[in-house]
Amino acid sequence: MAERRGDREGGLTRRRLIGGAAAGAAGYAAGTVPGAAAAGRRRKVDVVVVGAGLAGLSAARRLRAKGRSVAVLEARGRVGGRTLNFELGGGKVVEIGGQWVGPTQDRVLKLIDKLGLKTFPTYNSGENVYYRSDAAQKLTTYTGAIPPASGPSLVELAVFLGKLNSMAQEVPLDRPWDAAKAEEWDGQTFETFKLANTTVDEARDLIDLSIGAIFAAESRDLSLLYVLFYIRSGGSFDNLINVAGGAQESRVLGGSQKISLRLAKGLGRSLVLGAPVVRIDHDRGGVEVLTTKGTWRAKRVIVSVPPTLAGQIHYKPELPALRSQLTQRVPMGSVIKCLALYDRPFWREDGLTGQATSDIGATRVTFDNTPPSGTPGILLGFIEGRQARIWGSRSRNARRAAVISDFVRYFGSGAAHPRHYIEKSWAEERWSGGCYEGYMPPGVLLDYGEALRRPVQRIHWAGTETATLWAGYMDGAIQSGYRAAAEVLEAL
């Protein structure tokens, strides 16, 4: 696992990948994690929540607010799911998991405020970098959201994205499989649609770059219907890819994992870490949830982990065929999040935002991830989709060299010698299986979508993949937790 290896550069230990979360958990969960002697004990609560990410913690918060007793069972030794802070020292952190929030993400923004947390803007002052390998002038800079591509590319791109946004409005948020053209749209990949509606290589490359940045997957991996639903879920394609006014507009002061850490503080002994669920028995009388640290008896259970992980739990009786096969068909995205730390954000002195896009390299999308204090300077690069699958099998040293080489290509020789290098390969995370979300290939929404949120007797489903608004984002995770809690409260 990436978080267990040591980074000897300057003594910065990679154990801090889990150190901040584990230390925080120890502070509020001391005594809540039963030892080996507790195995076999049977405890009773109204509701068991499987998973202590934003979906599970949000559900638990709603249930407790209504006077219901809960047990939140988390396989990891920390809370936060696909959000994770890395301690830099001196009270500073940087996120190595999900991190951004933006306009119209009302649930996460409201929760941040309720928990007494603050946000700060993603650094976006200056010019962006655009690198095109086959251009006469390979590296150019620009302002705004539109890269300086060729005229024909920009025209074709504008028409294509306009068409996508228009088609997305025809997709029902709660039942995308009921769209009038669902069979046609779910019967093809996004790649097929792209090739049929574009002709210019540069426009196609920019589309693929955006798809990788949104899904950590390739255009050939995704159902067209699923992409259209995702666009509708976030409001528009522009919302998904933009910084100003978009999903990448702001960050959480102290790191996004702090949301989960604050939520977990209120749970006390109701939170149990290091307790992977191995089996759920369910009947008319209730549910029994078995873990390596004991058994919980409840009236209802909310499973808030990604579909592919939910499918690894044993159920008795077995899940209906539709739900069981759904979990076999929702793979996780592939991404390695890479950060280089410098004494200062030198690119700002050159009038650059730290944002770059490129058609080549391991890291083809970058951001300035510097803390609000201004030091250290941090460049963030994503290795996504096919590139993550390629580079994930290579050594960490090889990845580091490739990432730093990309940063030098975008931002000059000042990027050549970082103080530290940090990376997180989410495909190696046992209890995530990948990031950013579980996506859907052709045919999944059409044939299995009905099972995505539909309860199975006393089992309810949450997780950002089940959201209707901002699916795949932190906001979607919270929405799903609230929805599952509402289902349970009504049933109880």
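Hi everyone. Please keep in mind that what you see above is a predicted model.

How many cavities of 30 Å³ or more does a search of the whole structure find? There are two. The largest cavity has a volume of about 80 Å³. It is lined by 13 residues, and those closest to its centre are Phe229, Met440, Leu445, Leu452 and Glu465. If you sort that lining by class, you get nine nonpolar residues, one polar and three charged.

Now the second largest cavity, which holds about 30 Å³ of space. Its lining is made of Val303, Val305, Pro307, Arg323, Leu452, Trp461, Ala462 and Thr466. By class, six of these are nonpolar, one is polar and one is charged. Look at Leu452: it belongs to this lining, and it is also among the residues closest to the centre of the largest cavity.

Where does the charged end of Arg323 sit? You'll find it over the ring of Trp461, 3.6 Å from the ring's centre. Another arginine does something you can look up in the same way: Arg394 lies over the face of Trp391, at 4.4 Å from the ring centre.

Okay, next up is strand β18. It covers residues 352-358, and seven of its seven residues are buried. So who are its partners? Strand β8, residues 127-131, pairs with β18 in the parallel sense, over four bridges.

β18 and β19 make a hairpin with six residues between the strands, and in it Gly361 takes a positive phi near 105 degrees.

Last topic: aromatic rings. A pair of aromatic rings is described by two things, the distance of the centres and the angle of the planes. This structure holds 18 such pairs.

Let me show you two. Phe160 and Phe193 form a tilted pair, 5.6 Å from centre to centre with 40 degrees between the planes. Phe160 is in helix α4 (residues 151-168) and Phe193 is in helix α6 (residues 190-197), so to speak a link between distant parts of the chain, 33 residues apart. Are these two phenylalanines buried or exposed? Both are buried.

The second example is Trp347 with Phe411. Why is this pair called tilted? Because the ring centres are 6.5 Å apart and the planes stand at 45 degrees; edge-to-face would need over 60 degrees, and stacked would need under 30. Trp347 lies in helix α13 (residues 346-349) and Phe411 in helix α15 (residues 396-411), so the pair ties together parts that are 64 residues apart in sequence. Trp347 is buried, at a relative accessible area of 0%. Phe411 has 5% relative accessibility, so it counts as buried too, given that the cut-off is under 20%.

Rings can also come in groups. Phe215, Tyr226, Phe229, Tyr230, Trp470 and Tyr473 form one aromatic cluster. You have met Phe229 already: it is one of the residues closest to the centre of the largest cavity.

Definitions and conventions: Residues are numbered from 1 along each chain as its sequence is written. This is a predicted model: local features need pLDDT of at least 70, side-chain atom pairs count only at pLDDT 80 or more; totals for chains, interfaces and linings use all residues. Side-chain values use heavy atoms; hydrogens and water are left out. On a 1 Å grid over the protein atoms alone, a cavity is a set of points where a 1.4 Å probe fits but cannot get out, and a pocket is an open set with protein on both sides within 12 Å along at least five of seven lines; lining residues have an atom within 4 Å of a point. Grid points are joined across faces, edges and corners, and a volume is the space filled by probe spheres set on the points. Ala, Val, Leu, Ile, Met, Phe, Trp, Tyr, Cys and Pro count as nonpolar, Asp, Glu, Lys and Arg as charged, and the others, Gly among them, as polar. Buried means under 20% relative accessible area, exposed over 50%, partly exposed in between (1.4 Å probe, protein chains only). Helices (H or I, at least four residues) and strands (E, at least two) are DSSP runs, numbered from the N terminus. Two strands pair if DSSP finds at least two bridges between them. Rings of Phe, Tyr and Trp (its six-membered ring) pair if their centres lie within 6.5 Å; planes under 30 degrees apart count as stacked, over 60 as edge-to-face and the rest as tilted. A charge sits over a ring if NZ of Lys or CZ of Arg is within 6 Å of the ring centre and within 35 degrees of the ring normal.
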